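Hi there,

Have a look at it first, and then read on.

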Amino acid sequence: MNRRSLIGMGMAVSASGLLAAHGAQAMQAAPVNPAVKPDSKGAKLVLLGTKGGPRVGGTRSNPANALIVDGQAYVIDTGMGVTAQIVKAGIDLGSIRAIFISHMHSDHELEFGNLVYNMWAAGALRQPVQAYGPVGLEAMAADYWRLNRLDVATRMADEGKADPAKFLLAKDFTRTAGPVMQDARVRVSAFTTPHPPLKNLAYRFDTPYGSVVYSGDTAYNPALADFARGADVLVHEVLYVPGVDALVKRANGSPAFRNHIIESHTTAEQVGQIATRAKVKKLVLSHFVPGDMDWITDAMWRDEVAKHYKGEIVVGRDLLEIPLG
């Protein structure tokens with residue numbers, strides 16, 4: 001058979017993988033980066049990217065997080081640069097077991113497909129990766145493989161790689177709240193919050209070492225406090241109101257743009273109210289809006305939150321590790 005025939009077969013196999021994804025055979029993952037070993041015990045949250053919004057630049061990367069439980073990684077949101085941040089954090093790409101997308105804004109899902117592709121290109125995609133998110137995630141996964149079908153088919157033919165589409169098992173979360181998935185290390189549930197004009201999924205991760213709640217993008221929502229009740233760590237987005245006008249001016253934004261920012265996010269003071277009502281042990285601020293203006297200091301973020309929350313406040317930074325237990 002000639003090379004053209006092989007490529008054609010590869011493209012056909014890739015397309016069929018979109019339909020047969022749930023029949024993927026599980027294979028043992030080989031570590032790519034030994035910094036996080038599969039047999040490591042314990043749990044920690046790694047803030048991969050802490051800047052809110054799709055704009056690239058500044059000292060913060062776009063939204064992404066990883067929860068590491070006993071050496072296995074669960075990625076929450078996949079903003080621009082997520083793979084690079086995972087590598088910088090020393091997380092083994094082959095340890096990624098699942099991906100969770102909060103909502104369909106680009107700064108939270110832009111590199112969803114690219115992350116899985118990069119695992120494949122590095123030889124780390126050797127067992128299925130589960131993926132969960134709002135309605136539309138399944139279609140986005142299928143569209144990603146169609147978009148990259150020529151590259152994938154060529155590498156399958158030239159490099160002897162398996163079809164990556166078989167290993168990404170995407171599933172839409174169609175309910176407003178409830179269980180998402182569970183394995184030997186973590187139990188995950190979701191709760192829908194408003195992020196006008198979209199809906200957002202907040203996620204709760206319960207592990208043997210403690211619980212983490214990730215707000216995603218949300219307008220002020222007291223009901224979120226009930227979902228986060230008693231969590232060891234609440235990771236909450238945060239808006240600094242005095243910085244909004246500067247952000248709008250820089251972006252040449254309209255009044256509608258300003259209204260969207262104000263109405264779709266939670267102010268720092270409101271975040272303190274949520275954390276107090278939820279009685280969480282530790283509050284981690286992330287997804288800063290604005291997230292790249294140096295005149296807004298850590299103390300400014302913290303002081304607004306501390307008006308209502310008297311517990312431990314962590315002003316998040318990229319690659320910051322927060323241990324559980």
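Let me begin with Asp 226, which is partly exposed at 40% relative accessibility (buried means under 20% relative accessible area, exposed over 50%, and partly exposed in between, with a 1.4 Å probe and protein chains only). Its salt-bridge partner is Arg 229, with the closest N and O atoms 2.6 Å apart; a salt bridge here is a side-chain nitrogen of Lys or Arg within 4 Å of a carboxyl oxygen of Asp or Glu. Arg 229 is partly exposed as well, with a relative accessible area of 38%.

Before going further, a word on where the values come from. This is a predicted model, in which local features need pLDDT of at least 70 and side-chain atom pairs count only at pLDDT 80 or more, while totals for chains, interfaces and linings use all residues. Residues are numbered from 1 along each chain as its sequence is written, and side-chain values use heavy atoms, leaving out hydrogens and water.

The overall picture

The protein chain has 11 helices and 14 strands; these are DSSP runs numbered from the N terminus, with helices being H or I of at least four residues and strands E of at least two. Of its 325 residues, 54% are buried. Looking at contacts (heavy atoms within 4.5 Å) between residues at least 6 apart in sequence, 68% join residues at least 24 apart.

Salt bridges

Side chains of opposite charge can pair when their charged atoms come close. How many salt bridges are there by the rule above? The count comes to 17.

One of them joins Asp 232 to Lys 281, with 3.7 Å between the closest N and O atoms. This pair links distant parts of the chain, 49 residues apart: Asp 232 is in the loop between α7 (222-227) and β11 (233-239), and Lys 281 is in the loop between α10 (268-278) and β12 (282-289). Asp 232 is partly exposed at 23% relative accessible area, whereas Lys 281 is exposed at 53%.

There is also a network of salt bridges linking Asp 151, Arg 155, Glu 159 and Lys 161. Within it, the side chains of Lys 161 and Glu 159 meet at 4.0 Å, N to O. Lys 161 is partly exposed at 21% relative accessibility, and Glu 159 is partly exposed at 44%. Asp 151 belongs to helix α6 (residues 149-159) and is partly exposed, with a relative accessible area of 27%. Not counting residues up to four places away in sequence, Asp 151 touches Tyr 117 and Trp 120.

A strand residue to look at

Ser 211 sits in strand β10 (residues 210-214). Is Ser 211 buried or exposed? Ser 211 is buried, because its relative accessible area is 6%.

The axes of α10 and helix α11 (residues 298-305) come within 7 Å and cross at roughly 50°. Axes are lines fitted to C-alpha atoms, for helices over the stretch in contact, and angles run from 0 to 180 degrees between N-to-C directions. At that angle α10 is oblique to α11 (under 35 degrees counts as roughly parallel, over 145 as roughly antiparallel, 65 to 115 as roughly perpendicular, and the rest as oblique). In this contact, Ala 268, Glu 269 and Gly 272 of α10 meet Trp 301, Glu 304 and Val 305 of α11.

Backbone details

Most residues other than glycine have a negative phi, and most peptide bonds are trans. The peptide bond from Pro 196 to Pro 197 is cis, with omega near 5°, and Pro 197 lies in the loop between β8 (187-195) and β9 (198-207). Val 289 and Pro 290 are also joined by a cis peptide bond, with omega about -5°; Pro 290 is in the loop between β12 and α11.

Asp 70, which is not a glycine, has a positive phi of about 50°. Asp 70 is placed in the loop between β2 (64-69) and β3 (72-78) and counts as buried at 14% relative accessibility. Lys 279 has a positive phi too, near 55°, and is found in the loop between α10 and β12. Lys 279 is exposed, with a relative accessible area of 64%.
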